[in-house]
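This report considers one protein model together with its ligand. The sequence and the structure are shown first, and selected features are then taken in turn.

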Amino acid sequence: MPDLYDTVIIGAGPAGVSAAIYAARAGLNALWLDNSFIPGGQIADSGNVDNYPGIPGISGVELGETMAAHAARFSMEPVRAKVLRIDRTEDNAWLIHTKKNDYQTRTVIFAAGASHRHLGIPGEEELGGSGVSYCATCDGAFFKDMDTVVIGGGNTACEDALFLSKICRKVYLVHRRDALRADQAAAYPVLHTANIEVLWNTVPEEIIGTDVVTGLRVKDVKTGEESVRNVSGVFIAVGMEPASALVSDLVDIDETGYVIADETCVTSAPGFFAAGDIRTKPLRQVVTAVADGANAVASVQKFLREAG
Ligand code: NAP
């Protein structure tokens, strides 16, 4: 049998980093696993994070690196491994299976986060990487002086549209309703930028192109009228999907796929804790994710104390 850890933290986004720091400082025998080579999880996709107190106006990549370096000060560095399966053992511990190793642990802090939701329309998968993107800050520079479209009405869509408006000739924002979901700080500049045109009550129907994107067919949901916008880039920003498939048989999940847990990060399975964007919560932000990392470790300590 492999060594028995106090906790295994899965994920190196803000929740996972925070859990790693708190676990190390609490003196837990903790292992940290992550699949990615880029620290920070989703924030690595963010061009500018300006709402994390104490660190104003930092790029997502830099914030991720800063957080990882902070954890490294406590000798916490993620082991690069993709978790393939998690099992409950007969003596109520957990067995984490990765490609190379199995790890045994008394508790799990699951901070696997979420990934970009797809639209499921024709052309989306076929033209992925050939004009279809889920990250404006990563790919926007490829569309200099071209026309592009952003799909969605949330903060990400608005930030993407604004980012692209500084690079592209024209940016369409396609939103399915008549009001943006984004907060005022993100929405206002979008509505007051000359080269951004919002297509209200409009849904995307098909991404057009053979080798590369050449257009987007959209439908006005009020009139049913269809039209094509000739664009070279389609940026999809319609929210996130929680990475909970791995644990859907182990813990209770809500109807949208998030692991059910309150701010204590306690789930329906004893010894299994969910932190960050993976859990049910009203606001998914870096600050709420790092708070979860700390709370999850406090819950792990309580669990270990009570289990004796
Ligand atoms: P979001 O807030 O869930 O917004 C998703 C948007 O996509 C909504 O406008 C939604 O329309 C639309 N949408 C969803 N499915 C669609 C579909 N199939 N077809 C067309 N449109 C669709 O997602 P997000 O913008 O990625 O933000 C996620 C979280 O991160 C939020 O809590 C957000 O506040 C936060 N965030 C914060 C910052 C920041 O503070 N700097 C930046 C980015 C994100 P409806 O409005 O009609 O539902």
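## An exposed loop residue

Asp-249 is exposed, its relative accessible area being 78%. In this predicted model, Asp-249 belongs to the loop that runs between strand E16 (240-242) and strand E17 (272-274). Although 162 residues separate Asp-249 from Asp-87 in sequence, the C-alpha atoms of the two are 9.8 Å apart in space.

## Domain organisation

The domain assignment divides the protein into domain 1 (4-115 + 240-307) and domain 2 (118-236). Between the C-alpha centres of domain 1 and domain 2 the distance is 32 Å.

## The ligand site

The shell around the ligand is made up of 18 residues, of which Asn-51, Thr-156, Glu-159, Arg-177 and Arg-181 come nearest. By residue class, the shell comprises three nonpolar, nine polar and six charged residues.

Glu-159, one of the residues that come nearest, has a polar side-chain atom 2.8 Å from a nitrogen atom of the ligand. For Asn-155, a polar side-chain atom lies 2.9 Å from an oxygen atom of the ligand. In the case of Arg-176, an N or O atom of the side chain is 2.9 Å from an oxygen atom of the ligand. The ligand taken alone exposes 920 Å², and the protein buries 76% of that area.

## Cysteines

How many disulfides does the structure hold? The number is zero. A disulfide is a covalent bond between the sulfur atoms of two cysteines. For Cys-158, the closest cysteine sulfur is that of Cys-168, and the distance of 15 Å is too far for a bond; the cut-off applied to a pair of cysteine sulfur atoms is 2.5 Å.

Is Cys-158 buried or exposed? Its relative accessibility is 1%, so Cys-158 counts as buried. Cys-265 likewise counts as buried, because its relative accessibility is 0%. The limit for this class is under 20% relative accessible area.

## Loop residues with positive phi

Ser-75 is a residue other than glycine with a positive phi, near 60°. The residue is located in the loop between helix H2 (60-73) and strand E3 (79-80). With a relative accessibility of 66%, Ser-75 counts as exposed, the threshold for that class being over 50%.

Asn-92 also has a positive phi, of about 60°, although it is not a glycine. Its position is in the loop that links strand E4 (83-88) and strand E5 (94-98).

Asn-230 occupies the loop between strand E14 (226-229) and strand E15 (233-236), and domain 2 spans 118-236. At 59% relative accessibility, Asn-230 counts as exposed. Val-213 is 17 residues from Asn-230 along the chain, and the C-alpha atoms of the two residues are separated by 8.9 Å.

Definitions and conventions
Residues numbered from 1 in each chain as written. Predicted model: local features only at pLDDT ≥ 70, side-chain atom pairs only at ≥ 80, totals over all residues. Heavy atoms only, no water. Near = heavy atom within 4 Å. Polar contact = N/O pair within 3.5 Å; in protein donor to acceptor, adjacent residues only side chain to side chain. Areas by Shrake-Rupley, 256 points an atom, 1.4 Å probe, with all protein chains shown as cover. Nonpolar A, V, L, I, M, F, W, Y, C, P; charged D, E, K, R; others polar. Buried < 20%, exposed > 50% of the residue type's maximum accessible area, 1.4 Å probe, protein only. Helix = DSSP H or I, 4+ residues; strand = E, 2+ residues; numbered from the N terminus. Domains from an automatic or database assignment.
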